[in-house]
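Here's a quick look at aromatic pairs and nonpolar packing. Have the model open as you read.

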Amino acid sequence: MRKLAELIMRGRSQAILVVFIATMLPMMYWISAAAVGLVTLRRGPSDGAGLLAWSLLPAGAWGLVGDPTPAMVILGTYVLAVILRRTVSWGYTLAVLIPVGVLAGIALEQMLHEVLGQLVEVVQELLAQSQATMPGAELGADGWYQLFAGGLSAAHAAMMLASLVLARWWQSVLYNPGGFREEFHRLRLSPSLALSVMAVLVLGPQFGLVMVHWLPLLILPLVFAGLALVHGSVAKRKVGGTWLVMFYMTVVVLGPYLITMLVLLAVIDSLVDIRRRIPAKT
């Protein structure tokens with residue numbers, strides 16, 4: 001991956017070649033998004049916008065055949081990279097991720113309305129054919145539609161964030177070794193953002209199915225901040241990477257429960273700075 005980052009930063013022609021080919025290939029648009037993010041972070045929004053324009057040519061072709069994902073992810077990553085470059089704040093960037101994800105979700109819902117409707121029909125047919133009661137049977141057609149649409153929004157926002165993380169890591173490897181690791185380990189959300197999201201989550205049931213739609217997107221910044229807290233705490237205690245491997249294995253097994261824990265830890269950390277209270281291992 002370092003070699004690819006070096007190729008992207010070698011010159012404008014090389015960067016254009018990478019993003020054009022990566023966007024043309026199926027499921028490789030994330031490399032293009034990360035490349036746009038890297039150039040934006042290092043050289044500024046102007047150079048990033050030039051590379052973005054080239055990447056949107058093949059991404060637009062994908063959109064014409066019914067797949068808007070490459071264009072959405074690349075464009076969203078560019079916006080987040082501009083914010084991160086100007087603020088040098090992951091907390092602020094994660095706050096911006098929410099409205100970016102909302103806008104992407106609204107656009108995707110408009111473009112993929114028929115596809116979402118077909119998914120709902122398939123699920124309803126499966127529920128009707130099932131003799132046993134299946135989880136989610138009480139949601140109804142509208143509930144399933146909101147669930148799928150919300151999941152789509154959150155998935156695209158997560159891909160934007162992952163591409164930005166890769167871009168920042170590339171920048172760190174090339175120009176500031178260890179910088180991304182230090183940034184990630186220090187990451188904390190502002191109390192205003194964490195408490196605002198938490199308040200929406202608590203009051204969510206009063207908003208009905210609308211909450212089902214936006215819940216996955218809203219918890220994404222909190223989950224990311226929770227992961228940063230885990231990594232930062234493990235590094236401060238110097239307990240080794242084995243603990244992180246065990247943690248991610250537990251996430252796979254106990255997904256929803258661990259995600260809830262990460263959300264709560266992120267909120268608490270925004271208020272009391274848990275890492276500061278953890279004694280460093282000497």
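This is a predicted model: local features need pLDDT of at least 70, side-chain atom pairs count only at pLDDT 80 or more; totals for chains, interfaces and linings use all residues.

Phe247 counts as buried because its relative accessibility is 11%, with buried meaning under 20% relative accessible area, exposed over 50% and partly exposed in between (1.4 Å probe, protein chains only). Residues are numbered from 1 along each chain as its sequence is written, and side-chain values use heavy atoms, leaving out hydrogens and water.

Rings of Phe, Tyr and Trp (its six-membered ring) pair if their centres lie within 6.5 Å; planes under 30 degrees apart are stacked, over 60 edge-to-face and the rest tilted. That gives 6 aromatic pairs, including these:

| Pair | Ring centres | Planes | Type |
|---|---|---|---|
| Trp90 and Phe224 | 5.8 Å | 40° | tilted |
| Phe247 and Tyr248 | 5.2 Å | 75° | edge-to-face |

Now for the nonpolar cores: sets of buried Ala, Val, Leu, Ile, Met, Phe, Trp, Tyr and Cys residues joined through side-chain atoms within 4.5 Å. The largest has 77 residues, and Trp90 and Phe224 are among those with the most contacts inside it, as is Leu222. Apart from it lies another core of 6 residues, among them Val120, Trp144, Tyr145 and Ala149.
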